[in-house]
Amino acid sequence: VVGGSGLDISQNYRSRLSYKFKSTRTSIALFSRLLVDKGVREYIEATLILMQRFPELKGSILLAGMYWNANLKANSIKKEEIERWTNAGGVFIGQPASKSQFYESVDILCLASYREGLSNVLLEGANSGCILVGTDVAGSIDVLGDGAGLTFRAKSSSDLLRALTCALLLDCENQELLRKTARKRLVEKFSKEKVIASYLDVLGI
C-alpha cells in the first residue's frame, strides 16, 4: 500500500512551546467539511461539555470548514447547530484563509470522521507540530498509529470527550513525545520522497 500522494515536509519544523492548560490559553480545533459523517456533531456535543467543565476554554475551541449545501442534505450540519455551539463559547472560523497559519495556531487538532481516506488534515497537523486526536478508523489510524496521536471510537461523543480531556491534561514531556512520534511517522511513511520511491518500487522502476 502506497501512502497517499505524499506531503511536502516542512524544512522549518521546530519544537513548539508546550501548552500548560489553565495557565496558558490552549486551542482545540476540528477542520473538515460540515457533515454528519465527519463527526462534527460529536465534536460539538463533546466540546459543549468540555466548555462547561473548563469555562476558560471558551473562545479557544475552534471549528473550521465549509457548509455542505449540495447533495445529501440529510448529511449536512445545520447552521442552527453551529449557532447554538458558538453561543456557548465555540468559535466557527469557516474555511481558513491560510491553512499553514491555521495549523500553527492550534495546539490540539481533532478529526472525528466515521470513515476516512488517508487524512491530509492529520498529516498537515503533524507537520505543524499539533497534538493529534482522531477516530480509530482506517485512514486516520494510518497516521495516528504507533503512538503518533490519541484515538477514540467513531460516533462516540463521550469517547471523544475522554480523548480531548486526556490531550488537554498532557504534561509537557508527553506532549513532546507525541509530536516527535507523529513527526517521525510522517517523515518515514508519508513524505513526498518516500511516497514517490514507493510508487517507483511498485512500478519496478
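User: Before we start, what counts as buried, partly exposed or exposed here?
Analyst: Buried is under 20% relative accessible area, exposed is over 50%, and partly exposed is in between, with a 1.4 Å probe and protein chains only. The model is predicted: local features need pLDDT of at least 70, side-chain atom pairs count only at pLDDT 80 or more, and totals for chains, interfaces and linings use all residues. Residues are numbered from 1 along each chain as its sequence is written, and side-chain values use heavy atoms, leaving out hydrogens and water.

User: Okay, Lys22. Buried or exposed?
Analyst: Exposed, because its relative accessibility is 58%. Lys22 lies in the segment before E1. Helices (H or I, at least four residues) and strands (E, at least two) are DSSP runs, numbered from the N terminus.

User: Where is Lys155, and what is its phi?
Analyst: Lys155 is in the loop between strand E6 (150-152) and helix H6 (157-168). Its phi is near 70°, again positive in a residue other than glycine. Lys155 is exposed, at 56% relative accessible area.

User: Switching to rings. How many aromatic pairs?
Analyst: The count is 6 aromatic pairs. The rule: rings of Phe, Tyr and Trp (its six-membered ring) pair if their centres lie within 6.5 Å; planes under 30 degrees apart are stacked, over 60 edge-to-face, the rest tilted.

User: What's the geometry of Phe21 and Phe54?
Analyst: Edge-to-face, with 5.1 Å centre to centre and 90° between the planes. The pair links distant parts of the chain, 33 residues apart. Phe21 is in the segment before strand E1 (28-31), and Phe54 is in the loop between helix H1 (40-53) and strand E2 (61-64).

User: Are those two buried or exposed?
Analyst: Phe21 and Phe54 are both buried.

User: And how do Phe31 and Phe102 pair?
Analyst: Edge-to-face: 5.2 Å centre to centre, 70° between the planes. Phe31 lies in strand E1 and Phe102 in helix H3 (residues 99-104), so the pair ties together parts 71 residues apart in sequence. Phe31 counts as buried at 7% relative accessibility, and Phe102 counts as buried at 5%.

User: Which cluster are they in?
Analyst: Ring pairs link Phe31, Phe102 and Tyr103 into a cluster.

User: Last one. Where does the charged end of Lys79 sit?
Analyst: Over the ring of Tyr67, 5.3 Å from its centre. That needs NZ of Lys or CZ of Arg within 6 Å of the ring centre and within 35 degrees of the ring normal.
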